[in-house]
Amino acid sequence: MIAAIVWDIDPRVFPAVDYLRWYGLCWALGLLLGYRIVQSIYHREEVPVSELEKLATYVMIGAIVGARLGHILFYDPVYYYHHPIEILPISWEPSFRFTGLAGLASHGGILGALLALYLYHRKSKTDYWWMLDRLTIGGVALGGFIRLGNLLNSEIIGIPTQVPWAFVFLRVDQTPRHPTQLYEAIFYFATSWVLYWVWRSNRFAGYHGFLFGLGMLSIFFQRFLIEYLKENQVEFEANLFLNMGQILSIPLILLGVATMGWSLRSSRASNGSA
């Protein structure tokens, strides 16, 4: 057997406390970091932080609800049709227990956040694309923490491999596997840093939607490729040419490309007319 990193982390922060789990803690830390990143942008652009506090509430609720519904609709609709109570973080079988939101889909989270942001835009009359560009920087950092939560849960595991940095997820099996959660987390953090650097450079300051498009293209193109290194999450994916993560990533990749193209054309047109 090759040398590998043995991974056997209890998903609970404290073994005697079932309600506090690393996954939820990672979500909380990711939300805090994302908020701080966008807060620093608001300070630098001299925008009242009070506006961000309202916006963050909308987006946080939209992202969590969207991610939950995305998992239910995209990955296991039949199960939740027969067990609707488990849409909530509880289960009655075999007895009542708190399960947490066991199943969140990032694609649904993106859609939920976009809808929540639109609702906030309608209410506040704040420029939609201006907000979206800045929120993308913090949102991508949140994605990195979510993947660390998946790693601590020993879920969304990779396929078997012989690479020297392979992980053996003892809560799953004895097989060395790609730590795909870690790959994605590193990419998310790096992408957030790049987006922040692009924003600081002011090179695309007048290109509304450009940072959002760049973020969507980068994240979901990476997601599409890394899916080849992952085990399928649900059984029906074995009969698909592309798995569900790849299928859902394609429209978001196209959205990123289209948004970047629209942003560049719109800026050139406005500069030309000026």
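How many aromatic pairs does the count come to? Read on, and point 5 will tell you.

1. **What you are looking at.** This is a predicted model, in which local features need pLDDT of at least 70, side-chain atom pairs count only at pLDDT 80 or more, and totals for chains, interfaces and linings use all residues. Residues are numbered from 1 along each chain as its sequence is written, and side-chain values use heavy atoms, with hydrogens and water left out.

2. Helices here are DSSP runs of H or I with at least four residues, strands are runs of E with at least two, and both are numbered from the N terminus. Helix 5 covers residues 128-152, which is 25 residues. From its first C-alpha to its last it reaches 35 Å, close to the 36 Å expected at 1.5 Å a residue; the expected span is 1.5 Å times one less than the number of residues. Look for a bend of about 30° at threonine 136, where the bend is the angle between axes fitted to the seven residues ending there and the seven starting there.

3. Is helix 5 largely enclosed or largely open? It is largely enclosed by the rest of the structure, because 22 of its 25 residues are buried. Buried means under 20% relative accessible area, exposed means over 50%, and partly exposed lies in between (1.4 Å probe, protein chains only). At the start of the helix, a side-chain oxygen of aspartate 127 comes to within 3.2 Å of the backbone nitrogen of tryptophan 129. A polar contact is a pair of N or O atoms within 3.5 Å; within protein, one must be able to donate a hydrogen and the other to accept it, and residues adjacent in sequence count only if both atoms are side-chain atoms. After helix 5 comes serine 154, which has a positive phi, near 55°.

4. Three strands form an open sheet in the order 1-6-7, with mixed pairing. Strand 1 (5-7) and strand 7 (176-177) are at the edges with a single partner strand each, so one side of each has no neighbour in the sheet. Two strands pair if DSSP finds at least two bridges between them. Strand 1 and strand 6 (residues 167-169) pair in the parallel sense over three bridges. The bridge partner of tryptophan 7 in strand 6 is phenylalanine 169.

5. **Aromatic rings.** Rings of Phe, Tyr and Trp (its six-membered ring) pair if their centres lie within 6.5 Å; planes under 30 degrees apart count as stacked, over 60 as edge-to-face and the rest as tilted. By this rule the count is 14 aromatic pairs. In one of them, the rings of tyrosine 128 and tryptophan 129 have centres 5.7 Å apart and planes at 90°, so this pair is edge-to-face. Tyrosine 128 is buried at 15% relative accessibility, whereas tryptophan 129 is partly exposed at 26%. Ring pairs also link Tyr118, Tyr128, Trp129, Phe212 and Trp262 into a cluster.

6. **A ring pair between two helices.** Phenylalanine 145 and phenylalanine 189 make an edge-to-face pair, 5.5 Å centre to centre with 85° between the planes. Phenylalanine 145 belongs to helix 5 and phenylalanine 189 to helix 6 (residues 180-201), so the pair ties together parts that are 44 residues apart in sequence. Phenylalanine 145 counts as buried at 17% relative accessibility, and phenylalanine 189 is partly exposed at 29%.

7. **Threonine 180 in helix 6.** Buried or exposed, which is threonine 180? Threonine 180 is buried, with a relative accessible area of 0%. This residue lies in helix 6. Leaving out residues up to four places away in sequence, threonine 180 touches Ile156, Ile157, Gly158, Ile226, Leu229 and Lys230; contact means heavy atoms within 4.5 Å.

8. **Helix 1 to finish.** Helix 1 (residues 22-44) has 23 residues and reaches 33 Å from its first C-alpha to its last, close to the 33 Å expected. Its buried residues include Tyr23, Trp27, Gly30 and Gly34. Strand 3 (17-21), helix 2, helix 5 and helix 6 are among what covers the buried residues of helix 1. Glutamate 46 follows helix 1 and has a positive phi, near 55°.
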